[in-house]
Amino acid sequence: MLIDSKEKIDPELRKKISIELCASFTKRLNPNQNFEIKAGTIIAIKNFIKESHIEDPILFSFLVDAIADPEKEIRKLAIKVIVEVANCEIIELLEIKLKESDGEIKREISELLKLLQGK
């Protein structure tokens, strides 16, 4: 089923789709998942935001949370996507994540915030 973002969607259908997407993204972005699944999920989130114009705070949150993945390549991919789709909500989430993080992840988020705020 294709959903035109300009059409009004039944609130119950929207709620059901959101719940299913969240469950899927939670499972697929689990740090124990393999690289291909996590990378594919990050790309899917990018496509939802960029191509489908679905600007949902939950999608932004999944994307920002991926920046704390133990795999450096997943973090790099998340950063690349964040740069492509950044908005004020994503920047706010990054600022919160910065306060929660430490070490290399904190440094990466700090550098990303400087880049995004310089745009």
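**View 1. Arginine 75 is found in helix H4, which spans residues 72–85.** Helices here are DSSP runs of H or I with at least four residues, numbered from the N terminus. The model is predicted, so local features need pLDDT of at least 70 and side-chain atom pairs count only at pLDDT 80 or more, while totals for chains, interfaces and linings use all residues. Residues are numbered from 1 along each chain as its sequence is written, and side-chain values use heavy atoms, with hydrogens and water left out. Arginine 75 has a relative accessibility of 5% and therefore counts as buried (under 20% relative accessible area, with a 1.4 Å probe and protein chains only). Its side chain reaches the backbone oxygen of aspartate 69 at 2.9 Å. When residues up to four places away in sequence are not counted, arginine 75 touches Ala66, Ile67, Ala68, Asp69, Pro70, Glu104, Ile105 and Glu108, where contact means heavy atoms within 4.5 Å.

**View 2. Glutamate 108 is found in helix H6.** With 9% relative accessibility, glutamate 108 also counts as buried. Leaving aside neighbours within four places in sequence, glutamate 108 is in contact with Lys72, Arg75 and Ile79.

**View 3. Helices H4 and H6 cross at roughly 15°, and their axes come within 11 Å.** This angle makes H4 roughly parallel to H6 (angles under 35 degrees count as roughly parallel, and over 145 as roughly antiparallel). The axes are lines fitted to C-alpha atoms over the stretch in contact, and angles run from 0 to 180 degrees between N-to-C directions. On the H4 side, Lys72, Arg75, Ile79, Ile82 and Val83 meet Glu104, Ile105, Glu108, Leu112, Leu115 and Leu116 of H6. Sorted by class, this contact of H4 with H6 has 7 nonpolar, no polar and 4 charged residues (Ala, Val, Leu, Ile, Met, Phe, Trp, Tyr, Cys and Pro count as nonpolar, Asp, Glu, Lys and Arg as charged, and the others, Gly among them, as polar).

**View 4. Helix H5 (residues 88–100) packs with helix H6 (residues 103–117) at an angle of about 150°, with their axes 9 Å apart.** That angle makes H5 roughly antiparallel to H6. The contact is made by Ile91, Leu94, Glu95, Lys97 and Leu98 of H5, together with Lys106, Ile109, Ser110, Leu112, Leu113, Leu116 and Gln117 of H6. By class, the contact of H5 with H6 has 7 nonpolar, 2 polar and 3 charged residues.

Terms used:
Helix = DSSP H or I, 4+ residues; strand = E, 2+ residues; numbered from the N terminus. Parallel < 35°, antiparallel > 145°, perpendicular 65-115°, else oblique. Buried < 20%, exposed > 50% of the residue type's maximum accessible area, 1.4 Å probe, protein only. Polar contact = N/O pair within 3.5 Å; in protein donor to acceptor, adjacent residues only side chain to side chain.
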